[in-house]
Amino acid sequence: MSAPQPVEIWFEFASSYSYLAVMRVESAARAAGVTLHWRPFLLGPVFLSLGWNDSPFNIYPPKGRYMWRDMARLAAKYDIPFRLPSQFPRNGLLAARVAMLGQDQPWIADFARAAMRANFGEDRDIGQPEVIVDILSALDLPAAQLIDAAQAPANKLALRRQTEQAAERGIFGAPTLLVGDEMFWGNDRLEDALAWAVASGSGALS
């Protein structure tokens with residue numbers, strides 16, 4: 001029997017449902033024996049390509065009201081802290097640039113969870129550099145060095161290119177989980193993506 005296929009999680013720090021998935025995915029992947037690859041990207045350019053200049057949850061108020069109630073229910077279900085953010089969507093650019101640096105480093109999961117929790121669990125403005133510095137420092141990471149590296153032209157370009165790759169691969173929202181070319185969109189498809197990775201690795205889907 002072959003090992004499960006790896007799973008890529010494409011996530012956005014301003015995305016409400018990405019918050020739930022980011023908080024759950026590492027432990028769920030470990031339990032399933034699935035290797036996880038973290039892929040931060042920006043939803044703004046993706047939405048613009050679809051003709052939206054804002055989150056659809058803001059463009060369509062009934063959908064937004066439903067989403068926030070759903071978030072509260074699901075956060076309680078998963079025992080994840082949740083506080084209605086005073087600003088939505090927040091600017092997640094700096095957090096994404098830092099995550100781009102760390103996406104293949106051991107600290108990426110801890111950073112992603114901490115930044116997401118700051119935004120959606122503590123109502124802190126992750127668009128402010130001092131908040132990201134606090135998060136990195138609390139993780140015993142070299143905050144000033146990482147902030148400088150995150151803002152370097154090469155890293156900015158890398159995040160821009162990764163966002164373009166998301167669109168090229170058909171990603172239209174976050175979180176999106178990819179098992180090869182098989183796409184699973186949304187926090188509620190996390191378990192399905194992991195199950196697919198395991199089944200495809202075993203040859204059950206061939």
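Colleague: Which helices each supply at least two residues of the lining of the second largest pocket?

Modeller: They are H2, helix H5 (93–102) and helix H9 (153–168), where helices (H or I, at least four residues) and strands (E, at least two) are DSSP runs numbered from the N terminus. This is a predicted model, in which local features need pLDDT of at least 70 and side-chain atom pairs count only at pLDDT 80 or more, while totals for chains, interfaces and linings use all residues. Residues are numbered from 1 along each chain as its sequence is written, and side-chain values use heavy atoms, with hydrogens and water left out.

Colleague: How is a pocket defined, and what is the volume of the second largest pocket?

Modeller: A pocket is an open set of points on a 1 Å grid over the protein atoms alone, where a 1.4 Å probe fits and protein lies on both sides within 12 Å along at least five of seven lines; lining residues have an atom within 4 Å of a point. Points are joined across faces, edges and corners, and a volume is the space filled by probe spheres set on them. Here the second largest pocket has a volume of about 160 Å³, and H9 gives the most to its lining, with six residues. Among the lining residues are Leu42, Val46, Arg97, Lys156 and Glu164.

Colleague: What is the volume of the largest pocket, and which residues are closest to its centre?

Modeller: The largest pocket holds about 770 Å³; 36 residues line it, and those closest to its centre are Leu43, Phe47, Ser55, Pro56 and Phe57. Two or more lining residues come from each of H1 (16–32), H2 (43–49), H3 (56–59) and H4 (61–78), with H4 giving the most, five residues. By class the lining divides into 20 nonpolar, ten polar and six charged residues, where Ala, Val, Leu, Ile, Met, Phe, Trp, Tyr, Cys and Pro count as nonpolar, Asp, Glu, Lys and Arg as charged, and the others, Gly among them, as polar.

Colleague: At which residue does UniProt place the feature "active site", and is that residue buried or exposed?

Modeller: An unreviewed UniProt entry places the feature at Ser15; such annotations may be inferred rather than shown by experiment. Ser15 is found in the loop between strand E1 (7–11) and H1, and is buried (under 20% relative accessible area; exposed is over 50%) at a value of 7%. Leaving aside neighbours within four places in sequence, Ser15 is in contact (heavy atoms within 4.5 Å) with Leu43, Met116, Phe120, Ala174 and Pro175.

Colleague: How should I read the side chains of E1?

Modeller: In a regular strand the side chains alternate between the two faces of the sheet. In E1, Val7, Ile9 and Phe11 point one way and Glu8 and Trp10 the other, and all are buried, so E1 is largely enclosed by the rest of the structure. E1 runs parallel to strand E2 (residues 36–40), joined by five bridges, where pairing needs at least two DSSP bridges; Ile9 has Trp38 as its bridge partner.

Colleague: Which peptide bonds are cis, and where is phi positive at a residue that is not a glycine?

Modeller: Most residues other than glycine have a negative phi, and most peptide bonds are trans. Here the bond from Phe88 to Pro89 is cis, with omega near -10°, and so is the bond from Ala174 to Pro175, with omega near 0°. Asp79, in the loop between H4 and H5, has a positive phi of about 60° and is exposed at 70%. Asp140, in the loop between H7 (129–138) and H8 (143–150), also has a positive phi of about 60° and is exposed at 71%.

How values were computed: Buried means under 20% relative accessible area, exposed over 50%, partly exposed in between (1.4 Å probe, protein chains only).
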